[in-house]
Structure formats: C-alpha cells, structure tokens
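Subject: Handing over a structure

Dear colleague,

I am passing a structure on to you, together with some notes on what was found in it. Please look through it before reading further.

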Amino acid sequence: MLRYDLHAHSTASDGLLAPDVLVRRAAERGVDVLALTDHDDMAGLALAADRAREARIRLVPGAELSVSWGDQTIHIVALNVDAQCTALVQGLEVIRSGRDGRARRIAAALEAAGIPGAWDGALRYVTSERLISRAHFARYLVEAGFVRDMKDVFKRYLAPGLPGYVEHAWATLDEAVGWIHAAGGDAVLAHPGRYRITPAAMRTLVAQFRDTGGDAIEVITPAHDADDIARFAALARVHGLKASQGSDYHGPGESLVEPGDLPPLPAGLVPVWSSWQ
Ligand code: AMP
Ligand code: MN
Ligand code: MN
Ligand code: MN
C-alpha cells in the first residue's frame with residue numbers, strides 16, 4: 001500500500017519549508033506520493049520534482065486555487081496537472097494579481113482595529129515575492145504579541161466577521177475547474193468541513209461542484225473530525241465523486257499533523273488517484 005499525501009504547502013506560498021526541504025521531510029516520514037499544492041501558484045514544483053527524484057518518491061504537480069462561491073471563499077485543490085498548461089498558469093496569475101491589493105486592505109483594516117505596522121510586519125514573513133496570504137499576517141500578529149497563536153488570530157482577527165477580514169473576489173468555480181481540466185488534472189473540493197455554511201448549502205455546493213465537472217472531495221484532512229469524515233464520505237458516494245486525502249501541511253510547529261500522518265480513506269470510496277497512470 002502506497003502512502004499518499006495530496007495537500008501540502010511550501011515557501012512558494014505560505015508554507016514554512018522550501019519545496020525541496022518539504023519533499024525530503026515527507027520522504028523521511030514514509031510518504032510515497034506527495035502533492036505540492038501551494039496557494040494559487042506552481043512556482044515550487046520544479047525544485048520539488050528534482051528533490052523527489054533523488055528521494056525516490058512521486059511528486060504530484062498541484063496547486064490550491066482560491067475561489068469565490070457566493071459570499072464564501074472555498075478552495076479547490078488541483079492534482080496531477082500539466083504545470084506548463086497556459087490556461088492554468090494564466091488563471092493562477094489572475095488569482096494572484098488580486099492578492100497585493102487585498103493585503104493592503106487587510107493592513108488598513110488591522111490598523112483601524114488598533115494594530116499598526118501589519119503591512120511591513122507581514123512582508124517579513126513573505127517567502128515568495130509572487131504571493132502574500134493571511135498566514136503571513138497571522139505570523140506577524142503572533143510575533144507582535146497581539147494574539148497567543150495562529151488559531152487565536154483566526155478567532156479574533158482574520159476570519160469573516162472579524163476586524164482585519166476583508167471581502168475579496170477570487171476565481172469562479174467554473175473558471176477554476178475549467179483551468180484544472182485544461183491542464184489534464186483532477187479538481188478536488190478542499191477541506192469542506194471548514195466552510196461555515198448550512199448543511200443545505202453544503203449539499204448545493206457539492207452538487208454544483210459535481211455538475212461543474214469537479215472530480216473529488218477531500219474527505220481526509222486534519223480539519224475533519226470523525227463526524228465530518230463520515231459526512232463527506234457519504235456526500236462523495238451519493239454524488240459519484242472520488243475521494244482525496246491530505247495533511248494541508250504548512251510546516252513544523254505550525255501544523256500538528258506531519259506529512260503522511262493520515263487515517264485511511266473510509267471503505268467504499270474511489271480514491272482520486274485510482275485513474276492516475
Ligand atoms: P488566504 O489564502 O490569504 O486567505 O490565506 C489562507 C491561509 O490562512 C490558509 O491556507 C492558512 O494557511 C491560513 N489560515 C486560515 N484559517 C486558519 C486557521 N483557522 N488557523 C490557522 N491558519 C489559518
Ligand atoms: Mn495556507
Ligand atoms: Mn485551504
Ligand atoms: Mn491548503
């Protein structure tokens with residue numbers, strides 16, 4: 001049985017480890033197949049692929065796309081893509097292009113909430129000039145002592161309804177799935193248990209995702225407890241979607257679950273990798 005971890009971040013987005021270091025860590029932890037899925041960018045894939053060859057593990061080229069669905073932000077993981085595909089490369093560029101202006105608005109909102117210097121502070125944590133995320137702001141807020149830890153940041157500042165959160169229009173679901181399919185990849189609804197929507201809205205989301213051509217649901221993720229796993233396994237079966245699993249690893253100290261440290265997929269699900277060569 002191969003060990004799969006199909007969701008992880010590097011310094012190409014808001015992970016703490018460089019792509020090659022991440023791959024080595026995953027290999028050491030017994031991962032056989034690792035997907036690098038940085039937010040809205042694939043800039044880490046080349047380095048990761050080089051190191052994966054050395055470490056004799058399989059590197060699945062991927063990304064995690066930011067999508068607006070109604071007033072919600074959802075994430076669609078792209079797996080097993082052709083990273084040279086122009087439609088996907090340009091689509092990710094469009095998503096990233098909104099991030100700087102959004103970050104400026106986050107800094108202004110934090111300033112208004114009594115936290116000065118967040119722009120410069122967040123920039124100190126940015127590791128790719130191509131991308132700034134809320135995680136970079138969160139690390140600064142922890143460092144500056146405004147909150148205890150990363151969890152606390154998103155309880156008090158950077159999540160919907162809180163000071164420091166700003167609305168933003170990402171890609172549409174149609175666009176994201178279209179780009180992923182143009183690149184020959186699978187589109188995976190990431191960590192659905194994290195979305196703060198009603199059960200009815202969740203069924204609508206999953207049905208719409210499937211109708212748009214979506215391929216799989218991320219059933220196993222550290223964001224899911226046992227009830228979530230059962231619920232999303234059932235939704236995958238009912239809607240004829242495949243299932244995926246990933247640690248959503250961001251780095252040592254920050255992520256509690258290490259690469260590959262995942263329970264098995266529930267029985268009766270079709271793994272997203274079942275159709276891969
Ligand atoms: P963004 O794509 O800029 O909205 O940033 C999203 C990122 O913020 C996530 O991928 C995580 O790295 C981080 N994040 C969001 N919510 C939380 C949370 N509750 N706890 C820890 N990190 C979070
Ligand atoms: Mn992240
Ligand atoms: Mn995500
Ligand atoms: Mn992620």
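Predicted model: local features only at pLDDT ≥ 70, side-chain atom pairs only at ≥ 80, totals over all residues.

Residues are numbered from 1 along each chain as its sequence is written, and side-chain values use heavy atoms, with hydrogens and water left out.

The protein has 10 helices and 7 strands, taken as DSSP runs (helices H or I, at least four residues; strands E, at least two) and numbered from the N terminus. Its C-alpha trace spans about 50 × 45 × 35 Å along the principal axes. Of the 277 residues, 54% are buried, that is, under 20% relative accessible area with a 1.4 Å probe and protein chains only. Among contacts (heavy atoms within 4.5 Å) with a separation of 6 or more, 71% are between residues 24 or more positions apart.

Leaving aside residues up to four places away in sequence, H168 touches S68, G98, R102 and R105. With R105, the side chain of H168 also forms a polar contact of 3.2 Å, meaning a pair of N or O atoms within 3.5 Å, of which one must be able to donate a hydrogen and the other to accept it; residues adjacent in sequence count only if both atoms are side-chain atoms.

With kind regards

Key. Chains lettered and ligands numbered in written order. Buried < 20%, exposed > 50% of the residue type's maximum accessible area, 1.4 Å probe, protein only.
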